[in-house]
Structure formats: structure tokens, C-alpha cells
Amino acid sequence: MKKNKSYQIAFDGLLAALTAVFGYLAIDMGFLKLSFEEFPVILAALMFGPADGALVGGIGTFLYQLLRYGLDVTTVLWILPYILLGAFVGLYAKKHGFVNTDGQIRKAILGGEILVIVLNTVVIFLDAKIKMYPVPIAFASTLWRIAAAAVKTVLFGFLTPQILKKLSKFTGNVRKA
């Protein structure tokens, strides 16, 4: 089945909204924010490619940031990691013709989670410098964020191939076992 553009636009909108909801409903413990906001970005990127992944990441995270924090001098910095996550995972999927094996999907998710950790760490540092709070406080949660990313990588790595196989009738991307 050839990709249907209206399904693609509808899925992108749904996934951007889901990204915003997951970000907004995050468990915020001050030193650590637990969220699944990157999951819809990963799905969009694996289904439709880097442009869709970046759009879902950018729009969804912008809406979440706007709802939870309002516009701020660092808002764009907090959106950027999810735009780049969508682009990175989408390029990986595109490189493999959108027929990624389960192992390739898991590698893309792992690479994406590492990218988000690194970029969010940089954003935390820049946010601390711009808003003038102590830099050591900005890095206090790094080990916790790495542990949370590891758990999410396993969870997303298990769920994503199954979800993509179910959605392949809409996306036109035939998934390998």
C-alpha cells in the first residue's frame, strides 16, 4: 500500500498532540523529570522520516513548553533536542528504507535516547548560565536521567516494533520480523 498523505498528516497531528500531553503530564521531581514525550517523536520518525519526526518533536514539545512554562528566553533550547531526535531517528529509518528490523529499531531508539541525554545536558548548562543558577545543580540529575533513559530505551524497544507492525497498513511501510 502506498503512503496516504492524509493518514500521514493525521498521524503527525495526533503524535504531536500526544507528545505535548506526555510532556505536560510528566512526573517532575525537581531534580528529575520522568516523561514519555519522546515516544511519539520516535514513532513519527520511524514511520515517515526525518521531516515528520522533527515536526512532531518541535510542535509537540513547543505546545508542552507553552502550556507548562509559558514562553521563556530558553524555550527554543528545550525544544531543540526533540527536533533533532526526530530528525536523527527519521534519517536512520530512511537509510534502511523504512523496513527496519526490530534490532535496527532498537538501535535507533538507543541512539536517540543518547542524543536527547547529551542535548538536554547541554541545554541544562545553558539554561543555568542564562538564568544564573548554580551550574552544579544543573548536573545533579545526570545519573538519574541516564538511568531513566535506559529504562525507556528497553520499554520503547519492546513496544515500538509491535506498534509499527500494526500501523504499517496505514503507513505503507512493510516491517520485517
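1. A residue counts as exposed when its relative accessible area is over 50%, and as buried when that area is under 20%. Methionine 132 has a relative accessibility of 75%, so it counts as exposed. This is a predicted model. Methionine 132 sits in the loop between H5 and H6. Its phi is near 55 degrees, a positive value in a residue other than glycine. Most residues other than glycine have a negative phi. A reader going through the backbone can stop at methionine 132 for that positive phi.

2. Glycine 70 also has a positive phi, about 75 degrees.

3. Next comes proline 136. It is placed in helix H6, which covers residues 135-139. Proline 136 is exposed, because its relative accessibility is 64% and the cut-off for exposed is over 50%. In sequence, proline 136 and phenylalanine 125 are 11 residues apart. In space, their C-alpha atoms are 8.9 Å apart.

4. Now helix H1, residues 5-24. H1 has 20 residues. From its first C-alpha to its last it reaches 28 Å, close to the 28 Å expected at 1.5 Å a residue. Which residues of H1 are buried? They are Gln8, Phe11, Asp12, Leu15, Ala16, Thr19, Ala20 and Gly23.

5. Helix H3, residues 50-69, can be checked in the same manner. Its 20 residues should span 28 Å at 1.5 Å a residue, and its end C-alpha atoms are 27 Å apart, which agrees. The buried residues in H3 include Pro50, Asp52, Gly53, Ala54, Val56 and Gly57. Gly58, Gly60, Thr61, Tyr64 and Gln65 of H3 are buried too. What do the buried residues of H3 pack against? Their partners are H1, strand S2 (33-34), H2 and H4.

6. Two packed helices are described by the angle between their axes and the distance between the axes. For H1 and H3, the angle is about 40 degrees and the axes are 8 Å apart. Their crossing is right-handed. On the H1 side, the contact is made by Gln8, Asp12, Leu15, Ala16, Thr19, Ala20, Gly23 and Tyr24. On the H3 side, Asp52, Val56, Ile59, Gly60, Thr61, Leu63, Tyr64, Leu67 and Arg68 take part. By class, the residues of this contact of H1 with H3 divide into 9 nonpolar, 5 polar and 3 charged.

7. H2 (residues 38-48) and H4 (residues 75-95) form another helix pair. Their axes come within 8 Å and cross at roughly 35 degrees. H2 passes H4 in a right-handed crossing. From H2, the residues in contact are Glu38, Val41, Ile42, Ala45 and Leu46. From H4, they are Tyr82, Leu85, Gly86, Val89, Gly90 and Ala93. The contact of H2 with H4 has 8 nonpolar, 2 polar and 1 charged residues.

8. How many salt bridges does the structure hold? There are 5. Side chains of opposite charge can pair when their charged atoms come close. Lysine 33 and glutamate 37 form one of these bridges, with N to O at 2.7 Å.

9. Lysine 165 counts as partly exposed, at 29% relative accessibility. Aspartate 102 counts as buried, at 15%.

10. Lysine 131 is partly exposed, with a relative accessible area of 37%. Aspartate 127 is buried, at 5% relative accessibility. Salt bridges that share partners join Asp72, Asp127 and Lys131 into one network.

Key: Residues numbered from 1 in each chain as written. Predicted model: local features only at pLDDT ≥ 70, side-chain atom pairs only at ≥ 80, totals over all residues. Heavy atoms only, no water. Axes fitted to C-alpha atoms, helices over the stretch in contact; angles between N-to-C directions. Helix = DSSP H or I, 4+ residues; strand = E, 2+ residues; numbered from the N terminus. Left-handed = near helix turned anticlockwise from the far one by under 90°. Contact = heavy atoms within 4.5 Å. Nonpolar A, V, L, I, M, F, W, Y, C, P; charged D, E, K, R; others polar. Salt bridge = Lys/Arg side-chain N within 4 Å of Asp/Glu carboxyl O. Buried < 20%, exposed > 50% of the residue type's maximum accessible area, 1.4 Å probe, protein only. Expected span 1.5 Å × (residues − 1).
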